[in-house]
Amino acid sequence: ALRLAEHGEQATPHEPRRIVRRGDYFVHQVRIGAEWGDVYQFTSDEVPPIDYEIANWYSNKHPRSHFQHNLIATRVLPEGRVAIFNRDLTRRTRDGAVHKQEIRSPEELLGLLAEHFGLHFSSGTRFDPPAAPWPH
């Protein structure tokens, strides 16, 4: 949780965060290494429950949703973050260093899901990232 305060950096168990004002909006930012990046912007206006429902439906079910067309897994760890996006594994340490590797096969993907995410699947399971199919 972050304080809704525009008073500089806030320590979190992960990366440092801050809230800055941009006109009528607040912007939640994260510092990775020496750089600040926007996470999202918001106002202090009340949000009606239907807006949450529509946003959840869109991100989950809409045919053009980012989540419908990509294989995505992310995990926050004490030493940083690990993410799979289609056929790429990215490890980001707390100091901002980024280590990327291409995932070369469905079998390697299953191994990485087990190693980094604790996800184990039955033999023969195959995930085909829609946006980055495996080479044949």
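Colleague: Let's start with His-116: buried or exposed?

Modeller: The general idea is a cut-off on relative accessible area: under 20% is buried, over 50% is exposed and anything in between is partly exposed, with a 1.4 Å probe and protein chains only. His-116 has a relative accessible area of 12%, so this residue is buried. Keep in mind that this is a predicted model: local features need pLDDT of at least 70 and side-chain atom pairs count only at pLDDT 80 or more, while totals for chains, interfaces and linings use all residues. Residues are numbered from 1 along each chain as its sequence is written, and side-chain values use heavy atoms, with hydrogens and water left out.

Colleague: Where does His-116 sit, and which residues is His-116 in contact with?

Modeller: His-116 belongs to helix 2. Helices here are DSSP runs of H or I with at least four residues, strands are runs of E with at least two, and both are numbered from the N terminus. A contact means heavy atoms within 4.5 Å. If you skip the neighbours within four places in sequence, His-116 touches Arg-75, Val-82, Leu-89 and Arg-91.

Colleague: How do I check the span of helix 2?

Modeller: The expected span of a helix is 1.5 Å times one less than its number of residues. Helix 2 covers residues 106–117, and its 12 residues should span 16 Å; the end C-alpha atoms are 16 Å apart, which agrees.

Colleague: Which residue other than glycine has a positive phi?

Modeller: Asn-86 is one of them, with phi near 55°. Asn-86 sits in the loop between strand 5 and strand 6, and at 6% relative accessibility this residue counts as buried.

Colleague: On to rings. How many aromatic pairs are there?

Modeller: A pair of aromatic rings is described by the distance of the centres and the angle of the planes. Rings of Phe, Tyr and Trp (its six-membered ring) pair if their centres lie within 6.5 Å; planes under 30 degrees apart are stacked, over 60 edge-to-face, and the rest tilted. That rule gives three aromatic pairs. Among them is Phe-26 with Phe-42, a stacked pair at 5.5 Å centre to centre and 25° between the planes. Phe-26 lies in strand 2 (residues 25–32) and Phe-42 in strand 3, so the pair ties together parts that are 16 residues apart in sequence. Phe-26 is buried, with a relative accessible area of 9%, whereas Phe-42 is partly exposed at 24%.

Colleague: What does Tyr-40 form with Phe-42?

Modeller: Tyr-40 and Phe-42 make a tilted pair, 5.8 Å centre to centre and 50° between the planes. Tyr-40 counts as partly exposed, at 45% relative accessibility. Put together, Phe-26, Tyr-40 and Phe-42 form one aromatic cluster.

Colleague: Which residue lies over the face of Trp-36?

Modeller: For a charge to sit over a ring, NZ of Lys or CZ of Arg has to be within 6 Å of the ring centre and within 35 degrees of the ring normal. Here Arg-18 lies over the face of Trp-36, 4.0 Å from the ring centre.

Colleague: Stepping back, what is the radius of gyration of the chain?

Modeller: That radius is taken over C-alpha atoms, and the globule rule is 2.2 Å times the number of residues to the power 0.38. A compact globule of 136 residues would come out near 14 Å, but the chain has 18 Å. The C-alpha trace spans about 50 × 40 × 25 Å along its principal axes. Of the 136 residues, 26% count as buried.

Colleague: In what order do the elements run?

Modeller: There are two helices and seven strands, running β-β-β-α-β-β-β-β-α from the N terminus on.
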